[in-house]
Every structure is written in structure tokens, then in C-alpha cells.
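The sequence and structure are shown first.

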Amino acid sequence: MSDPEKLAAYDKLAGPAVKAGGGRVLSRGGQVVAHDAGIAGRTILIEFDSFEQAVAARESAAYQEALVALSDGVERDFRIVEGID
């Protein structure tokens, strides 16, 4: 994290954008133990009803606004992963 103010601005916008897109936060910034090449950094896990819903939420105008606020404030590893039943 290189700019805490940008991260705070992102958090303020991203949370409502994710919720509006149907996302449910399962884990946010708790303890992490990383193994092998993993990085024990801030981790957020969000569940959506479908892979397509997650992609749509990421592409939404509201989430894009959050990304603009964040800009270069942090280095991120962002993934959308299809779940299993």
C-alpha cells in the first residue's frame, strides 16, 4: 500500500458497488497465513451467486469509479474464480 488515502476512498466506493452487484463479503482483512509463493497481505473474499454476476459487478460503473479513486494507491492481485457446488 503506497497511499492509505486512496485506499480509504476506494473502500468507501467499492463496498456499496460490490453490494449493489450482489456480492457478499465473506472475509475482509483478517489474519492470513501464506504458504509457498503466497503473499500474506490484505485479503478480501467476496461471494456472488454466479461467475457472471461477479464479472458484471467488477465491470459496473460504480466499481470502475472506485478503481479510479484507488488508481496507483496499492499493488493488487485481483481474481474472479468460478466456484463449485
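## Helix 2 against helix 3

In this predicted model, helix 2 (residues 51-59) packs on helix 3 (residues 61-70) at an angle of about 55°. The axes of these two helices are 5 Å apart.

On the side of helix 2, the contact is formed by Ala57, Arg58 and Glu59. Helix 3 supplies Ala61, Tyr63, Gln64 and Leu67. Sorted by class, this contact of helix 2 with helix 3 has four nonpolar residues, one polar residue and two charged residues.

## Helix 1 against helix 3

Helix 3 also packs with helix 1, at an angle of about 170° and with the axes 8 Å apart. That makes helix 1 roughly antiparallel to helix 3, since angles over 145 degrees are counted that way.

Helix 1 brings Lys6, Leu7, Ala9, Tyr10, Leu13, Ala14, Ala17 and Val18 to this contact. From helix 3, the residues that meet them are Ala62, Tyr63, Glu65, Ala66, Leu67, Ala69 and Leu70. The contact of helix 1 with helix 3 divides into 13 nonpolar residues, no polar residues and two charged residues.

## The two sides of helix 3

Which residues of helix 3 are buried? They are Tyr63, Ala66, Leu67 and Leu70. Seen down the axis of helix 3, the buried residues fall within an arc of 100°, so they line one face of the helix. Among the elements that cover these buried residues are helix 1 (4-20) and helix 2.

The face of helix 3 turned away from the buried side carries Ala61 and Val68, which are exposed. Ala61 also belongs to the contact with helix 2.

## Residues with positive phi

Most residues other than glycine have a negative phi. Ser71 is not a glycine, yet its phi is positive, at about 40°. Ser71 follows helix 3 and is found in the segment after that helix. Its relative accessibility is 43%, so Ser71 counts as partly exposed.

Asp36 likewise has a positive phi, of about 55°, although it is not a glycine. Where does Asp36 lie? It is in the loop between strand 1 (24-28) and strand 2 (44-47). Because its relative accessibility is 84%, Asp36 counts as exposed.

## The chain as a whole

The chain contains three helices and two strands. Read from the N terminus on, its elements run α-β-β-α-α.

Along the principal axes, the C-alpha trace spans about 30 × 30 × 15 Å. A compact globule of 85 residues would have a radius of gyration near 12 Å; the chain has 13 Å, which agrees. Of the 85 residues, 18% count as buried.

Among contacts in the chain with a separation of 6 or more, 57% are accounted for by residues 24 or more positions apart.

Methods
Residues are numbered from 1 along each chain as its sequence is written. This is a predicted model: local features need pLDDT of at least 70, side-chain atom pairs count only at pLDDT 80 or more; totals for chains, interfaces and linings use all residues. Side-chain values use heavy atoms; hydrogens and water are left out. Axes are lines fitted to C-alpha atoms, for helices over the stretch in contact, and angles run from 0 to 180 degrees between N-to-C directions. Helices (H or I, at least four residues) and strands (E, at least two) are DSSP runs, numbered from the N terminus. Contact means heavy atoms within 4.5 Å. Ala, Val, Leu, Ile, Met, Phe, Trp, Tyr, Cys and Pro count as nonpolar, Asp, Glu, Lys and Arg as charged, and the others, Gly among them, as polar. Buried means under 20% relative accessible area, exposed over 50%, partly exposed in between (1.4 Å probe, protein chains only). The arc is that of the directions from the helix axis to the C-beta atoms. The radius of gyration is taken over C-alpha atoms; the globule rule is 2.2 Å times the number of residues to the power 0.38. Angles under 35 degrees count as roughly parallel, over 145 as roughly antiparallel, 65 to 115 as roughly perpendicular and the rest as oblique.
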